[in-house]
Structure formats: structure tokens, C-alpha cells
Amino acid sequence: MMKQGNRSLDRITMKQVLFVIAYTIGLIWIILHMNQVLECIRIVLDLLKPFIYGVVMAFLFHLPLQYFLKKLPDSTGKWKQPLAVILSLILIIGVITFVISIVVPQVVDSIVTLANAFPGYIDSFQDWINAMIEHQRVPMDILESIEQYAGEIEKALMTVVKNGLPQIVSMASGFASGVANFFMAIVIAVYLTVSKDRLKRQLKTILYAFLPKSGYDYVLKIGTLANETFTNFVSGQVMEAIIIGVLCFIGCTIFRFPYAPIVSVIIGCTNFIPIFGAIFGVGISALLVAFVNPIQGVFFVVFGTVLQQIESNLIYPKVVGNTVGLSGLWVLFAISIGGGLFGFKGMILGLPVFSIIYVLIKEETYRRVNLKREKQEKEKKEA
């Protein structure tokens with residue numbers, strides 16, 4: 001019996017040693033080939049892009065679904081969930097249609113107005129240059145330099161145009177691919193919303209079959225935490241973007257800034273990116289306003305800065321609150337790392353993902369600290 005026990009113990013020890021060796025080799029290989037690993041992750045994420053967008057949209061569908069499940073009477077029986085799903089889809093599609101019907105015509109008019117006015121801006125700039133030359137306000141050495149390098153500048157512009165054409169084609173192809181991914185994501189989101197309970201049961205069954213009880217419970221805990229974090233984050237960011245966009249439109253209308261609809265859309269959309277989105281949105285919008293009136297462009301920077309301060313200090317804490325549970329420093333860290341590794345998607349999803357990791361590490365740290373304290377107290381009692 002003793003020999004059999006020693007043999008089984010040796011087998012367990014050997015398995016642990018082999019696992020540690022394999023884990024160490026794998027970790028070293030990943031560190032040495034980090035660029036290839038990150039590139040593989042990017043390729044996988046690009047392939048899974050419709051599914052990722054579909055999951056995000058499913059979180060949006062989940063909010064009205066829960067509302068209708070609470071409000072519909074129990075007398076509807078087995079039709080309660082299908083009715084809630086149908087009402088949720090009707091509500092979301094209706095809201096999207098309503099917003100598009102209002103925003104898109106205004107945005108198109110703003111773009112057309114900007115395109116029609118752009119040649120006038122160029123003519124005004126040329127007239128200003130000619131006036132400066134006539135009044136001899138431009139030094140002669142600068143004029144000679146401009147004339148000397150005019151040919152080279154023209155060649156450089158032609159090179160930029162030639163090289164830019166493939167980029168334009170690539171952008172058009174990316175836009176078409178994005179539209180296709182968007183509609184595919186809607187289909188995936190609808191399927192996930194309708195089949196949510198069945199998919200959860202299947203996933204739990206698979207986890208229960210292949211994981212030990214402790215691993216099964218821990219994975220379910222992570223899944224619950226991820227679901228709550230992403231639901232709160234997505235719903236809060238959408239609501240905040242809508243509020244800040246509406247406030248921007250009202251402010252632009254009051255102060256008579258041009259292109260109010262398209263500027264409000266830019267501010268609202270870029271606000272999905274915490275911290276950095278506000279800077280991008282205000283900068284792009286101020287540039288559009290400056291095309292019409294440079295002084296108004298400067299005033300818009302002031303207006304946008306005040307608006308973002310209101311959003312950061314009043315709207316964000318009330319609407320999003322502490323759903324991610326991170327301080328400002330960790331929020332900046334999560335966005336920087338996510339954006340550096342995975343671009344735009346990483347900047348948006350980096351915050352909730354890092355929040356989940358942060359909570360898990362925090363709980364494990366407290367658990368280990370409590371175990372050490374209990375052990376120390378036990379040793380003191382025994383002494």
C-alpha cells in the first residue's frame with residue numbers, strides 16, 4: 001500500500017513538474033515572439049469583428065429586454081420572453097430610424113454646404129496673399145523661396161495625390177466592409193438576444209463537463225462580473241454620448257456655430273472613447289467651424305472645453321458612475337494600453353476589460369491577505 005501511494009504521489013509530482021516546464025517554455029516563446037503573437041491576436045480580432053460588434057449590440061438589446069420582461073404580465077405565459085424580444089427590437093430599430101431620419105439629412109446638408117463653400121475659402125486665402133504681396137507685407141526673400149520651391153511643392157503634391165488614391169480605395173473598401181460587418185452584427189445580436197438562455201445553458205454544460213468544480217465556479221464568477229461590467233459600461237457610454245451630443249447641439253444653436261448637426265454628431269460619437277475622445281471631438285469640430293470663421297473656431301474650443309468639463313465632472317459620474325470601478329490613473333492606463341495594442345477597438349474595450357482584471361486581482365489580493373492574517377493569528381494562539 002505504501003509503495004502504491006508513493007507511486008501515485010510520484011506521478012502527480014511528475015505531472016506538476018512537466019506542467020511547470022511546459023508552461024515556462026511556452027511563456028518564454030511568447031515573450032521572444034511577442035510581435036508575432038500580437039499580430040495573430042489582431043488577425044483573430046479582425047475575423048471576429050462582426051461577432052464582437054454583435055455582442056456589444058446584444059448588451060444594448062439586453063437593456064430594453066429586461067425592462068419589458070419586468071413590465072409584461074405573467075399571464076402572457078410562454079409568450080412573455082418572445083414578446084419582450086420583439087418589443088425590444090421594435091423599440092431599438094425605431095429609435096435608430098428616428099435618429100437617422102433627423103440627423104442624416106442635417107449632416108448631409110452640412111457636408112454639402114461645407115463642400116460648396118470650400119472653393120470660396122481658397123479664393124479668400126488667395127486674395128489675402130495677393131493683398132499682402134501688393135502692400136509689400138511679405139518679405140522678398142520669402143517670395144523668392146516660394147517661387148524657387150513652387151515646382152518641388154507641386155511635384156510633392158502630385159506624389160501625395162498618386163499615393164493617396166490607393167488609400168482612398170482602401171478606405172472605400174474598408175467602409176463597405178464596415179457596413180457589411182454592421183448588418184451582420186445586427187443579425188448576430190438578434191440571435192444572441194433570442195437564444196441567450198439556451199446558449200447560457202449549453203456553455204454551462206460544456207464548462208461543467210470539462211472543468212473541476214472550483215474552476216467551474218470561478219469561470220461562472222468571471223462571466224457574471226464581465227456581464228455586469230460590460231452592460232453598465234455600454235449602457236452608460238451610450239446614454240452619456242446622447243446627452244453630450246444633445247447639449248452640444250443646443251449650445252451650437254444658441255451661440256450660432258456653423259454645422260451644428262455634424263459637430264454634435266462628432267462630439268457624441270467621439271465621446272465613446274473616454275478621456276481622449278473629448279480632445280479628438282473638440283479638435284475636429286473646431287477645425288470645421290474655423291473653415292467658416294476662424295474667430296468662431298477659437299470660441300468653439302472654449303465652448304467644447306467647458307462642455308467636456310461639465311461632462312467629466314457632472315454627467316459622467318451621474319450616468320456612468322463608478323461602474324468600471326477604476327480611478328482616473330487606471331482609466332488612462334487602460335485606454336493607453338488598449339489603444340496601443342489594438343487601436344480604436346482597444347481604446348473602447350480596454351477600459352471594461354481592465355476593470356474586470358482589476359476586480360479579480362483585488363479580490364485575490366484580499367483573499368491572500370486574509371489567509372495570512374488568519375494563519376498569523378492561529379500561530380499566536382498556539383504559541
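The crossing of helices α7 and α8 is right-handed in this predicted model. Helix α7 covers residues 213–255 and helix α8 covers residues 260–270; the two pack at an angle of about 150°, and their axes lie 8 Å apart. An angle over 145 degrees counts as roughly antiparallel, so α7 is roughly antiparallel to α8. On the α7 side the contact is formed by Ala241, Ile244, Gly245, Cys248, Phe249 and Cys252, which meet Ala260, Pro261, Val263, Ser264, Ile267 and Gly268 of α8. By class, this contact of α7 with α8 comprises 9 nonpolar and 3 polar residues, with no charged residues.

Two of the α7 residues in this contact are the cysteines Cys248 and Cys252. Cysteine 248 is buried, at a relative accessible area of 0%, and cysteine 252 is buried as well, at 1%. The cysteine sulfur closest to that of cysteine 248 belongs to cysteine 252 and is 3.9 Å away. A disulfide requires the two sulfur atoms to be within 2.5 Å, so this separation is too far for a bond. Cysteine 252 is likewise in no disulfide, the nearest cysteine sulfur being that of cysteine 248. The count by this rule is 0 disulfides.

Helix α7 also packs against helix α3, which spans residues 49–71. Here the angle is about 80° and the axes are 9 Å apart. Angles of 65 to 115 degrees count as roughly perpendicular, and α3 is therefore roughly perpendicular to α7. From α3, the residues in contact are Val56, Phe59, Leu60, His62 and Leu63, while α7 contributes Asn227, Phe230, Thr231, Val234, Ser235 and Val238. The contact of α3 with α7 contains 7 nonpolar and 4 polar residues, and no charged residues.

Asparagine 271 is placed in the loop between α8 and α9, the latter being residues 276–292. With a relative accessible area of 4%, asparagine 271 is buried, since the limit for a buried residue is under 20%. Leaving aside residues up to four places away in sequence, asparagine 271 touches Gln237, Glu240, Ile244, Gln308 and Glu311. One of these, Ile244, also belongs to the α7 residues that meet α8. Asparagine 271 and glutamine 237 are 34 residues apart along the chain, and their C-alpha atoms are separated by 8.0 Å.

Methods. Residues numbered from 1 in each chain as written. Predicted model: local features only at pLDDT ≥ 70, side-chain atom pairs only at ≥ 80, totals over all residues. Heavy atoms only, no water. Buried < 20%, exposed > 50% of the residue type's maximum accessible area, 1.4 Å probe, protein only. Axes fitted to C-alpha atoms, helices over the stretch in contact; angles between N-to-C directions. Helix = DSSP H or I, 4+ residues; strand = E, 2+ residues; numbered from the N terminus. Parallel < 35°, antiparallel > 145°, perpendicular 65-115°, else oblique. Left-handed = near helix turned anticlockwise from the far one by under 90°. Contact = heavy atoms within 4.5 Å. Nonpolar A, V, L, I, M, F, W, Y, C, P; charged D, E, K, R; others polar.
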